[in-house]
Amino acid sequence: MSTHTYRAAVVRTPAGPDSIEVIDRPVADPGPGEVRVQIAAAPVNPVDRAVADGVFHRMGLVHQPDWTGMGWDFAGTIAATGAGVDMAPGTRVAGMIDGFDRDFGAHAGQLVVAAADLAVVPDGLDLVAASTVPLNGLAAAQIVDLLGDAPAGEDRLLVTGAAGAVGGSVTALAPDRGWRVTGLARAEDETFVRGLGADFTTRAEPGWDAVADGAVLQEEGLALVRDGGTFVGVQPSAPPPAERGVTVTAVTAHPDGRTLTDLLARTATGELPARVHAVFPLEQAADAHRALARGGARGRDVLRP
Ligand SMILES: NC(=O)c1ccc[n+]([C@@H]2O[C@H](COP(=O)([O-])OP(=O)(O)OC[C@H]3O[C@@H](n4cnc5c(N)ncnc54)[C@H](OP(=O)(O)O)[C@@H]3O)[C@@H](O)[C@H]2O)c1
């Protein structure tokens with residue numbers, strides 16, 4: 001164990017952005033199969049707002065005695081490797097950690113993670129942009145896995161929130177599995193959504209073969225699915241009740257280094273979106289949360305330790 005320390009954003013008693021603290025933590029050495037990443041960038045996602053607001057504490061999903069670590073995805077460089085890891089220090093990587101009940105997170109100077117959960121960031125993709133890919137890109141890829149292959153003749157997919165981080169990536173990825181995609185988004189997002197290769201609408205009528213609900217419309221989104229169709233949500237703890245023979249599932253994004261490698265490659269070529277709104281120093285994590293809470297931004301606010 002090193003005696004050095006790094007900075008990390010945490011909440012002790014969650015009560016919104018004002019309850020976020022940046023504390024010093026001791027640097028840990030990676031164990032077998034692990035690496036220590038020097039974090040260069042880590043976005044603030046909607047889930048981080050919910051953690052700081054205590055949503056998951058109230059659900060009984062957090063049991064930390066002292067504090068809860070903030071942050072899910074990140075990009076940075078490998079600082080140290082454990083036994084059995086074949087990655088050189090200095091390699092540029094991105095990844096995500098999952099689970100609510102943890103005292104560490106990606107909103108920090110350093111993170112020890114399983115090497116298998118990481119992907120190398122391709123040359124030409126900067127670490128700030130790369131940091132916005134893992135959580136929402138993997139959630140999108142895993143939503144597309146839940147949708148499966150589009151049945152012949154029943155391939156009309158509505159993606160709600162198609163200009164958002166999850167919805168935008170679902171919109172771009174779903175044609176891989178044969179879906180014909182229409183993106184539901186705000187009028188001002190039409191150019192962005194059409195640029196992903198999808199049709200566009202600001203208002204959807206019922207009758208879709210499948211709905212991927214990036215806008216968290218829940219029951220309202222489920223009502224847009226035809227009888228016997230498919231609904232994939234983003235809130236696994238609160239899926240809307242199934243009705244009319246509709247198959248209802250919800251994604252729980254999990255780390256997957258191999259899929260992330262593909263997502264980053266497709267981001268580097270511009271095929272997948274990676275939008276950054278602003279960059280904040282880690283010490284101003286609370287300001288980044290307030291910016292997200294104000295809404296209206298396109299692209300992520302990213303913390304730089
Ligand atoms: N379960 C999981 O594993 C998982 C993983 C990642 C994310 N998520 C969740 O997925 C959700 C989306 O995350 P995100 O990062 O993609 O959020 P985001 O970037 O804010 O995207 C949401 C998009 O939906 C739009 N929207 C909301 N209501 C709409 C409506 N009625 N019509 C058209 N567009 C509408 C928003 O536009 P405005 O900004 O104009 O409202 C925004 O563009 C969040 O709840 C997040 O926590 C879950």
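Which residues of helix H1 (residues 46–53) are buried? They are Val47, Asp48, Ala50, Val51 and Ala52, where buried means under 20% relative accessible area with a 1.4 Å probe, protein chains only. After H1 comes Gly54, with a positive phi near 85°.

Some ground rules. This is a predicted model, in which local features need pLDDT of at least 70, side-chain atom pairs count only at pLDDT 80 or more, and totals for chains, interfaces and linings use all residues. Residues are numbered from 1 along each chain as its sequence is written, and side-chain values use heavy atoms, with hydrogens and water left out. Helices (H or I, at least four residues) and strands (E, at least two) are DSSP runs, numbered from the N terminus. Two strands pair if DSSP finds at least two bridges between them.

Now the open sheet. Its 6 strands are parallel, in the order E11-E10-E9-E12-E13-E14. At the edges are strand E11 (199–201) and strand E14 (247–250), each pairing on one side only. Strand E13 (residues 225–233) is joined to E14 over 4 bridges, and Gly233 stands opposite Ala250 in E14.

Next, strand E16 (residues 300–304). Because 4 of its 5 residues are buried, E16 is largely enclosed by the rest of the structure. Strand E3 (residues 34–44) pairs with E16 in the antiparallel sense over 3 bridges, while strand E15 (residues 276–281) runs parallel to E16, with 5 bridges. Leu303 in E16 is the bridge partner of Ala42 and also of Phe280.

Terms used: Buried < 20%, exposed > 50% of the residue type's maximum accessible area, 1.4 Å probe, protein only.
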